[in-house]
Amino acid sequence: MNERVRSFQYFFTSQEFSDGLRTTLSILLPGLVLGLLGHLTEGLTVSLGAVCVSLTDTPGPVVHKRNGMLAATCLIGLMAAITGFLHPYPWLLSLEVVLCSFAFTMLLVYGNRAGAVGTAGLLVIILMLERPLKPEEVLPYAGMVVAGGLWYLSVTMLLYTLRPYRPAQQALGDCIRTIADFLRLKAEFYRTGTNLEADYRRLVTQQVTVSEKQDAVRELLFKTRQTIKESTGTGRRLVLTFVDVVDLYEQITITYHDYAALHQRFEATGVLDLIAREIEEHAAELENIGFAIQANHGYTSRRNLLAGLEKIKARIDTLEDPARPGHTLMLKKILVNLRNLSQRLQDIRAYFDANAPAPSGRELEFGRFVGHQSFDLKQLRDHLTLQSGIFRHSVRMFVACSVGLLLTRVLSGHHSYWVIMTITYMLKPAFSLTKERNVQRVLGTLAGGALGAAVLWLIPDHRILLGLMVLFMLISYSLVRINYLVTVTFMTPFILILFSFLGLGYVQVVEERVFDTVLGCLIAFSTGYLLFPNWESGQLHDYLKAVLRANLHYLRTLQETLTGSPVALLDYKLARKDVYVSSANLGAAFQRMMSEPRAKQHRPTEVHEFVVLNHILSSNVAAITSAVLAGELEPRLPLASLKALRQAQQALHRSLRRLDPQEPETTPTEPAVPTPPAVPDAQLIEQLEFIQKVSSDINKVTEAVLK
């Protein structure tokens with residue numbers, strides 16, 4: 001299928017488009033209906049409440065969404081009333097803005113959704129800065145704002161009641177497609193003439209995306225009791241399919257080989273390109289499954305993957321050389337991995353089988369894979385220190401809003417509410433994100449201003465303009481989590497069209513909004529750079545320590561399996577999840593660091609090498625452990641091999657001690673020797689010795705990072 005057509009299909013069946021359509025209609029309808037009834041001002045106020053509450057409508061369990069929207073509705077009603085009564089007193093109003101900018105930003109302590117609730121409260125204050133109300137108008141105005149919030153909440157809950165599984169289906173399908181892209185990147189490692197260093201960089205970047213998508217599905221499935229307890233139907237299949245998807249992702253990640261040696265030995269034969277094409281066929285099949293789940297329709301495979309595997313087997317057989325026994329062993333391992341991958345794809349296809357087995361009695365296990373947010377004042381008090389990144393971000397927000405208010409008071413004729421709103425959206429906890437958003441906001445505003453001015457100049461018909469405004473709103477809200485530049489580009493003309501309906505001249509509005517946006521971005525950028533800047537290099541040690549701890553736990557799990565100690569499959573999967581999540585967090589931090597000023601980057605080459613070595617280590621540990629737990633490998637080892645595993649743990653612990661001298665010393669116990677007496681297994685011994693070597697390399701790289 002044409003790639004561009006498929007991209008459009010993905011978008012129109014995605015959660016982002018569904019949310020964008022719901023948000024657009026929920027915001028538009030109150031203003032439109034009440035406007036047609038002659039109450040446009042009241043309609044816009046109700047729509048304002050819907051806009052504020054929509055900020056908390058982020059992906060997640062419906063219970064969390066409902067609670068977040070209720071909290072936001074209460075907060076915006078309260079802040080609308082307070083702001084209305086304070087409006088006659090400019091200095092008190094300014095004090096409210098800067099104090100709330102600090103206090104509401106501190107709500108990030110309780111997670112991103114709580115932070116969005118604070119942003120909603122701050123937004124309603126900002127939008128009322130230039131809207132004076134008489135005392136008798138304040139409470140009715142606040143009541144209409146609350147009505148808008150309740151309207152948005154009602155629409156969201158109604159749609160969930162009608163289609164409770166759609167968010168999970170869309171998130172799962174999206175997750176599967178990102179894994180398909182990850183698999184395509186693995187195919188590049190076999191391509192003739194490939195650049196292995198560039199391949200690893202792309203792989204680490206995609207690993208971050210996969211981790212984010214998996215976390216989103218976990219939140220939706222494992223925090224929704226109805227889904228994990230359901231014994232029949234769609235919910236059961238969603239849960240089991242996601243478990244199979246994570247296992248398939250592990251199967252992909254454990255397929256590590258010495259790719260340089262592989263190319264040196266076999267590139268000229270053409271077999272590696274054949275393997276790459278077959279991996280891409282598997283990726284295409286996985287992508288089709290993901291799209292079918294996301295679009296909520298059936299799927300029947302039309303690919304004969306087994307035929308492709310047989311071609312590879314035949315090609316490997318032609319390369320056999322009796323004079324060099326074991327010459328094609330690496331290729332045979334790859335073929336085995338591909339066969340396992342095909343089997344896991346078959347497991348995922350069971351999603352489309354209505355008679356899939358039920359996950360009875362497993363809901364308590366699933367709950368261990370997701371974090372649980374608690375809300376208490378102690379958490380807030382613990383963050384009231386400059387050691388806390390959230391506190392520093394809150395101080396920056398306080399200062400930036402204060403500067404913005406002061407400048408707009410001095411520079412008469414400019415809109416303080418637009419400058420402050422720009423600051424609150426542009427100033428992010430990390431400087432790299434602040435820089436990126438500022439550039440996108442300025443470019444988007446300029447492009448959107450030009451587009452909006454052209455539309456208003458060329459099209460006088462209000463009905464066409466209304467249709468375009470709705471279209472621009474839909475595009476803007478649908479892409480807000482995908483492409484912020486496009487979001488701003490289309491948000492600007494829809495605001496200009498709205499202002500034109502209210503009787504404001506679009507040329508003046510464009511000039512004012514561009515200036516106010518640039519001013520707000522400059523304040524946000526300067527504050528983020530000069531005041532307690534949060535450089536990623538300063539956070540890297542924490543991410544490195546988390547990765548080392550996760551891999552140490554992974555190695556201990558491997559040791560237990562090799563010595564015959566009972567290891568629960570759930571405990572292994574939890575250890576595996578910790579490795580994936582900590583690795584993705586490190587990869588994301590590395591990417592953010594690379595977007596910061598070069599002078600603020602710390603040892604980027606060494607950090608990248610650490611990321612790659614960590615990927616290689618976890619892949620090899622997973623390969624052995626999963627094989628033992630699945631009964632595919634019988635651990636029969638000599639004591640020397642167990643010693644190599646212990647030395648690998650010691651190397652990682654030395655790395656951890658370098659990063660954190662407070663880390664307690666450990667005295668590894670001599671691993672028990674398996675009984676009956678161990679029989680040497682050359683392949684397993686070689687893998688464990690390689691794990692020891694990689695661990696030692698990680699220790700050396702850690703030392704280099706600290707220089």
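Is Phe12 buried or partly exposed? Phe12 counts as partly exposed, because its relative accessibility is 46%. This is a predicted model, and the values below are computed from it.

**Aromatic pairs**

Phe8 counts as partly exposed, at 48% relative accessibility. A search of the whole structure finds 18 aromatic pairs. Phe8 and Phe12 form one of them, and the pair is stacked. Phe8 and Phe12 also belong to an aromatic cluster with Phe11 and Phe17.

A pair of aromatic rings is described by the distance of the centres and the angle of the planes. The table gives both values for two pairs.

| Pair | Centre to centre | Angle between planes | Class |
|---|---|---|---|
| Phe8 and Phe12 | 6.4 Å | 15° | stacked |
| Tyr299 and Phe352 | 6.0 Å | 45° | tilted |

What does the pair of Tyr299 and Phe352 tie together? Tyr299 lies in the loop between α13 and α14, and Phe352 lies in the loop between α15 (329-349) and α16 (363-366), so the pair joins parts that are 53 residues apart in sequence. Phe352 is partly exposed, with a relative accessibility of 24%.

**Positive phi**

Most residues other than glycine have a negative phi. Asn296 has a positive phi of about 65°, although it is not a glycine. Asn296 is found in the loop between α13 (271-295) and α14 (305-318). Its relative accessible area is 41%, so Asn296 is partly exposed.

Arg603 is not a glycine either, and its phi is positive at about 45°. Arg603 lies in the loop between α25 (569-594) and α26 (604-629). At 32% relative accessibility, Arg603 counts as partly exposed.

**A buried arginine**

Arg396 lies in helix α18 (residues 389-410). Why does Arg396 count as buried? Its relative accessibility is 1%, and buried means under 20%. Which residues is Arg396 in contact with, leaving aside its neighbours within four places in sequence? Gly389, Leu427, Lys428 and Pro429 are among them. Thr527, Gly528, Leu531, Phe532, Pro533 and Asn534 are also in contact with Arg396.

**Helix packing**

Helix α4 (residues 62-86) packs with helix α6 (residues 112-127) at an angle of about 25°, and their axes are 8 Å apart. Angles under 35 degrees count as roughly parallel. α4 and α6 are therefore roughly parallel to each other. Their crossing is right-handed. From α4, the contact includes His64, Lys65, Gly68, Ala71, Ala72 and Leu75. Ile76, Met79, Ala80 and Thr83 of α4 take part as well. On α6, the contact is made by Arg113, Val117, Gly118, Ala120, Gly121, Val124 and Ile125. By class, the contact of α4 with α6 has ten nonpolar, five polar and two charged residues.

Helix α8 (residues 166-188) and helix α9 (residues 196-222) cross at roughly 160°, and their axes come within 9 Å. That crossing angle makes α8 roughly antiparallel to α9, because angles over 145 degrees count as such. α8 passes α9 in a left-handed crossing. How many nonpolar, polar and charged residues does the contact of α8 with α9 have? This contact has 13 nonpolar, five polar and seven charged residues.

Technical notes
Residues numbered from 1 in each chain as written. Predicted model: local features only at pLDDT ≥ 70, side-chain atom pairs only at ≥ 80, totals over all residues. Heavy atoms only, no water. Axes fitted to C-alpha atoms, helices over the stretch in contact; angles between N-to-C directions. Helix = DSSP H or I, 4+ residues; strand = E, 2+ residues; numbered from the N terminus. Parallel < 35°, antiparallel > 145°, perpendicular 65-115°, else oblique. Left-handed = near helix turned anticlockwise from the far one by under 90°. Nonpolar A, V, L, I, M, F, W, Y, C, P; charged D, E, K, R; others polar. Buried < 20%, exposed > 50% of the residue type's maximum accessible area, 1.4 Å probe, protein only. Contact = heavy atoms within 4.5 Å. Phe/Tyr/Trp six-rings, centres within 6.5 Å; stacked < 30°, edge-to-face > 60°.
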